[in-house]
Amino acid sequence: MQLEDKNGEEQLRALKANKSAIDNLSGYIDALMIEAYKKIFEEWSIKLGVEFNTFELLHHSNDDNYLKTGIILPYSEKYKIAVLIEQNLQNKNIYYGFGRHHISDQLIPEVKTFCESLLMERELEGWITNDNIWWYCWKYTTVESGYADLVALIKLVQDKMNTN
């Protein structure tokens, strides 16, 4: 930038111009990252549809703030359970667990009890179970291990349902 040969005003103009260019590049990279995350969730949705083809797929969806995909499992004749993974595009957090997404208008106490009992029986740690209007319980994960975490949870739910 060769700032040392410039007066204060010239330095400031040069710095602002460079900062603007960096900000533009950063915004462009952020947009590319969001597109990559969308592609990952699309791929996960396809894999779930193949691997768990006997269950209802919670199709890959994205809006301005969230990406999500998962499986909807029958819990009883009256209720279903959504086991899904979601990403908040604003803060980039990725989490998976048991949600009420596309299942019911409100949280169902029987489903919450089922989910919490699974966590206790399997001694699964790090789960957030406090009251939330969308989730019975969830856990943070990463894009690198998210799909494997989700599949493992789906298999645990299947196992518990088959033994009850």
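Figure 1. From the N terminus on, the elements follow the order α-β-β-β-β-α-β-α. The protein chain has 3 helices and 5 strands; both are DSSP runs numbered from the N terminus, with at least four residues (H or I) for a helix and at least two (E) for a strand. The model is predicted: local features need pLDDT of at least 70, side-chain atom pairs count only at pLDDT 80 or more, and totals for chains, interfaces and linings use all residues. Residues are numbered from 1 along each chain as its sequence is written, and side-chain values use heavy atoms, with hydrogens and water left out.

**Figure 2. Overall dimensions of the protein chain.** Along the principal axes, the C-alpha atoms fill a box of roughly 80 × 30 × 30 Å. The radius of gyration of the protein chain is 22 Å, whereas a compact globule of 164 residues would have a value near 15 Å. This radius is taken over C-alpha atoms, and the globule rule is 2.2 Å times the number of residues to the power 0.38.

Figure 3. A disulfide is a covalent bond between the sulfur atoms of two cysteines; here the term requires a pair of cysteine sulfur atoms within 2.5 Å. The whole structure contains 0 disulfides. Cysteine 115 is in no disulfide, and its nearest cysteine sulfur, that of cysteine 137, is 4.8 Å away. Cysteine 115 counts as buried because its relative accessibility is 0%; buried means under 20% relative accessible area, exposed over 50%, and partly exposed in between (1.4 Å probe, protein chains only). Cysteine 137 likewise counts as buried, at 0% relative accessibility.
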